[in-house]
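Please look over the structure below before reading the points.

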Amino acid sequence: FVGTVAVMLYMSPLLTVITLTIIPVMAVSLKWITNRTGKLFKEQQKNLGELNGYIEESVSGAKVIKAYSREKQITAEFLEKNAALKTSGFWAQTISGFIPKVMNSLNNLSFTMIAAIGGLFALKGWISIGSIVVFAEYSRQFTRPLNDLANQFNTMLSAIAGAERVFDVLDEKEEREDEKNAVHQPIQTGSIEFRDVSFGYDEGQQTLKHLQFTVPAGQSIAFVGPTGAGKTTVTNLLARFYEPDEGRILIDGTDIKTLTRASLRKNMGFVLQDSFLFQGTIRENIRYGRLDASDQEVEAAAKTANAHSFIERLPKGYDTVLTQNGSGISQGQKQLISIARAVLADPVLLILDEATSNIDTVTEVNIQEALTRLMEGRTSVIIAHRLNTIQRADQIVVLKDGEMIEKGSHEELILQKGFYSDLYKSQFEK
Ligand code: ADP
């Protein structure tokens, strides 16, 4: 590009200046077009994202959609989103499709000017015809890189629109880093103490208010209370998915803020309501609890978790491949597998969010037995829904609107004739 301009200047400075005047015209028209297409490309990318999200949601929720006969509505919404994508895509491509045409026209205009003005100069004998021919060729060479660049603009604009959405994701806040002097100290005994802990997910809102309790190592604590009382939040704070606004949480007598998150979670086991199973064999899913476990250890864990017999009865046993979060096995069986996973992980501190879903009586008994075995000798924090579990806990904490309103053993709380005894009467006494 620079070389071409140099040769042109050498041949005829005046014709070069005339050729260069085309650049601002090009810039202005390119700006005019990209001002319009930039917005459209962004819209196209947004619509594409929405459409993809919608498809993914509808496919994974296909069962619910059918169960509620919502096919028509879903199809209509799909068509609407698809039409929006089509419109924005159509205009983005159409308007940006003008770029090469406009550039081409400007090139021809530039050629015409060179030929016309150069022709006049030749008549006057200032320049030879041969020079004009050579100059015209150079001017083409001069605009070619500009054209190439302009033609890449489409791709660039749509890439920028896409990149902006990627950066939105990258800019999301990450889990806070461990404090600089945090120590690596895995949980040893698992004793827990909440000292006047308050916490809110959003500013100005208190989800937990001045929570205070202790759990000696190896004992269990059950949290009961209405939905939204803050039971899950307690476990979120324990695992440091969130940090308390006030107060301190101690495990083994150490403030968990001074530990690295990895060491805190290393000896912590989770059995959650919605146990997540990955695509893979049952064996791999259990082994997720401890990656270096041998096949024998996996099976031993499954036996402890009362999962062995049902797994053996599957045609492919432990090599049965689970797809789509465990489709093909029942809810209760999924829970047994996730208990086996926790058994294998052998955590010191166990966090258990008891499933509320109704499960057939046999599996229910199996789960109860498995959990009792799992909890043996471990400190357990349980979000409890079943009377059986609640009664057996060493300590029961009743939460309501983030406040601890009662604390004690089952018998003590029944005698208090407060919230717990009412709950017990209304839900369990029959
Ligand atoms: P529980 O387990 O007792 O049903 P949670 O601890 O899940 O109750 O929720 C307590 C309160 O905190 C509820 O009002 C809930 O809406 C709110 N909450 C829970 N998780 C979040 C979150 N990630 N962001 C904002 N608010 C939340």
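1. A nonpolar patch on the surface is formed by Y201, F241, Y242, F270 and L272. Together these residues have about 450 Å² of accessible area. One of them, F270, sits in strand β6, residues 268–271. F270 counts as partly exposed because its relative accessible area is 31%, and partly exposed covers the range between under 20% (buried) and over 50% (exposed). Keep in mind that this is a predicted model.

2. The protein chain is divided into domain 1, residues 2–170, and domain 2, residues 192–428. Taken over C-alpha atoms, the centres of domain 1 and domain 2 are separated by 57 Å.

3. The buried residues in α14 are T363, E364, I367, Q368, A370, L371, L374 and M375. Just after α14, G377 has a positive phi of about 75°.

4. M375 is also one of the residues in contact with S220. S220 belongs to strand β3, residues 220–224. Is S220 buried or exposed? Its relative accessibility is 7%, so S220 counts as buried.

5. D252 has a positive phi of about 55° although it is not a glycine. D252 lies in the loop between β4 (246–251) and β5 (254–255), and at 22% relative accessibility it counts as partly exposed. For D346, phi is near 50°, again a positive value in a residue other than glycine. D346 is found in the loop between α13 (331–345) and β9 (349–353). With a relative accessible area of 48%, D346 is partly exposed.

6. Side chains of opposite charge can pair when their charged atoms come close. The count of salt bridges comes to 13. R261 is in helix α9 (residues 261–266), while E243 is in the loop between α8 (231–238) and β4, so the pair links distant parts of the chain, 18 residues apart. R261 is buried, with a relative accessible area of 6%, and E243 counts as buried at 12% relative accessibility.

7. R283 has more than one partner to check. The side chains of R283 and D295 meet in a salt bridge at 3.8 Å, N to O. This pair links helix α10 (residues 282–287), which holds R283, to helix α11 (residues 295–304), which holds D295, and the two residues are twelve residues apart. R283 also forms a salt bridge with E299, with the closest N and O atoms 3.7 Å apart. Because R283 lies in α10 and E299 in α11, the pair ties together parts that are 16 residues apart in sequence. R283 counts as buried at 14% relative accessibility, whereas D295 is partly exposed at 35% and E299 is partly exposed at 25%. Salt bridges that share partners join R283, R287, D295, E299 and D319 into one network.

Notes
Residues are numbered from 1 along each chain as its sequence is written. This is a predicted model: local features need pLDDT of at least 70, side-chain atom pairs count only at pLDDT 80 or more; totals for chains, interfaces and linings use all residues. Side-chain values use heavy atoms; hydrogens and water are left out. Buried means under 20% relative accessible area, exposed over 50%, partly exposed in between (1.4 Å probe, protein chains only). Helices (H or I, at least four residues) and strands (E, at least two) are DSSP runs, numbered from the N terminus. Patches are made of residues with over 30% relative accessible area and no salt bridge: like charges are joined within 9 Å, nonpolar side chains (Val, Leu, Ile, Met, Phe, Trp, Tyr) within 5 Å. Accessible areas come from the Shrake-Rupley method with a 1.4 Å probe; for residues, only the protein chains shown count as cover. A salt bridge is a side-chain nitrogen of Lys or Arg within 4 Å of a carboxyl oxygen of Asp or Glu. Domain bounds come from an automatic or database domain assignment. Contact means heavy atoms within 4.5 Å. Lists of a residue's contacts leave out its neighbours within four places in sequence.
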